[in-house]
Amino acid sequence: KQWYQRRVAITAGGGGGSFGVTTSVHYKLHATKPFCEIIFTITDFYEPTWDTKTLVKWIGVLVDSAPTFDQKWGGYWTLNSGIFYYQGTDEELKKDEFLIKIASLGYIRWDRWNCAESYFAAKGGPDDLQTYKSGWDTYHVASRLAPLEFVKNSPDKLKDILKWIIQNDFPSDTYSYLLGGKMMDVATYATAVHPAMRRSVLQINTFDERAIQRLRDEIPDSGAGFNHAAKNEPDWENQFWGTNRPRLERLKKKWDPENRFNCWHCVGYLSTT
């Protein structure tokens, strides 16, 4: 109780056992806006043929669209499905160029198409609000950021990487993010995250060691998404914080000189073995 009276709380989360200390909270309310939740699955990638033609077309639509995504779009994608959120009405969504391209792929099953007066309502709130389980100790997740310039200048290279993952891994064993939008308006040194996060349009997550190594080889030093970083990420300090690392280490020494807050994949980590 005393901790909360002081508005100080220990916050758990942020991926692999990281933590932070919250000293104050500021809430900003916004007027609700209409939102749509759209979930689809590509239906021709199944036994016995495992046809990849539509998957390859979907990769083309995704990569070609990523550099110019409307800020109304957000969400997640795999190589054979999508879970997207669109800030707008059902009528506006049906006219959106990205949605039209997805629909034109054919072999698309719309698993959910729900438009409502707010994001909360589109997700099913308050009566049918759903979330996803987390904290699997057996999942070996890893991630790589795809900066805007890389996607814009080397689209064929990125398409080849994703096609290779299809050929060597099960496509649903990727679970990736759309990035960009407002977060690109934040200065690269304003927060702790890797500067590449402020200029990336995709974060590619995978559960396969071969796939993440291919991404590291093809997009070196692009940074890892901290919340989905590999437990064995090579050179993790630089891949998590990039050029922000020296500043963070100075702050660590200033405010925690005795290293009381010590954890794996945290700034200034010291091994206890």
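Student: Which residues of α2 are buried?

Tutor: This is a predicted model, where local features need pLDDT of at least 70 and side-chain atom pairs count only at pLDDT 80 or more, while totals for chains, interfaces and linings use all residues. Residues are numbered from 1 along each chain as its sequence is written, and side-chain values use heavy atoms, with hydrogens and water left out. Buried means under 20% relative accessible area, exposed over 50%, and partly exposed in between (1.4 Å probe, protein chains only). The buried residues of α2 are Thr 54, Leu 55, Trp 58, Ile 59, Gly 60, Val 61, Leu 62, Val 63 and Ser 65.

Student: How many helices and strands are in the chain?

Tutor: Helices (H or I, at least four residues) and strands (E, at least two) are DSSP runs, numbered from the N terminus. By that count the chain has 10 helices and nine strands.

Student: What percentage of the 273 residues in the chain is buried?

Tutor: The share is taken over the 273 residues of the chain. Buried residues make up 42%.

Student: How far apart are the end C-alpha atoms of helix α2?

Tutor: The expected span of a helix is 1.5 Å times one less than its number of residues. Helix α2 covers residues 53-65, which is 13 residues, so it should span 18 Å. The model agrees, with its end C-alpha atoms 19 Å apart.

Student: Which residues have the most contacts inside the largest nonpolar core?

Tutor: A nonpolar core is a set of buried Ala, Val, Leu, Ile, Met, Phe, Trp, Tyr and Cys residues joined through side-chain atoms within 4.5 Å. The largest has 43 residues. α2 gives the most to this core, with six residues. Those with the most contacts inside the core are Trp 58, Trp 73, Trp 77, Phe 84 and Leu 162.

Student: Which residues does Trp 58 touch, not counting residues up to four places away in sequence?

Tutor: Contact means heavy atoms within 4.5 Å. On that basis, Trp 58 touches Phe 40, Ile 42, Trp 77, Thr 78, Leu 79, Asn 80, Ser 81, Phe 84, Phe 98, Ile 102 and Leu 105.

Student: Is Thr 78 buried or exposed?

Tutor: Thr 78 sits in the loop between β4 and β5 (81-87). Its side chain makes polar contacts with the side chains of Asn 80 at 2.9 Å and Ser 81 at 2.6 Å. A polar contact is a pair of N or O atoms within 3.5 Å; within protein, one must be able to donate a hydrogen and the other to accept it, and residues adjacent in sequence count only if both atoms are side-chain atoms. With a relative accessible area of 5%, Thr 78 is buried.

Student: Why do the buried residues of α7 line one face of the helix?

Tutor: The buried residues of α7 are Leu 158, Lys 159, Ile 161, Leu 162, Ile 165 and Ile 166. An arc is that of the directions from the helix axis to the C-beta atoms. Seen down the axis of α7, the buried residues line one face because they fall within an arc of 160°.

Student: Which exposed residues does the face of α7 turned away from its buried side carry?

Tutor: The buried residues of α7 pack against α2, β4 (73-77), α6 (148-153), β9 (200-206) and α8 (209-218). The face turned away from that buried side carries the exposed residues Asp 156 and Gln 167.

Student: What is the separation of the C-alpha atoms of Thr 206 and Asp 169?

Tutor: Thr 206 lies in strand β9 and is buried, at 1% relative accessible area. Thr 206 touches several residues, including His 140, Asp 169 and Ile 212. Thr 206 and Asp 169 are 37 residues apart along the chain, and their C-alpha atoms are separated by 9.5 Å.

Student: Why is the disulfide of Cys 36 and Cys 115 right-handed?

Tutor: A disulfide is a pair of cysteine sulfur atoms within 2.5 Å. The sulfur atoms of Cys 36 and Cys 115 are 2.0 Å apart. The disulfide is right-handed because the torsion about its S-S bond is about 110°.

Student: Which cysteine does a disulfide join to Cys 263?

Tutor: The structure holds two disulfides. In this one, the S to S distance is 1.7 Å. Cys 263 counts as buried, at 10% relative accessibility. Its partner is Cys 266.
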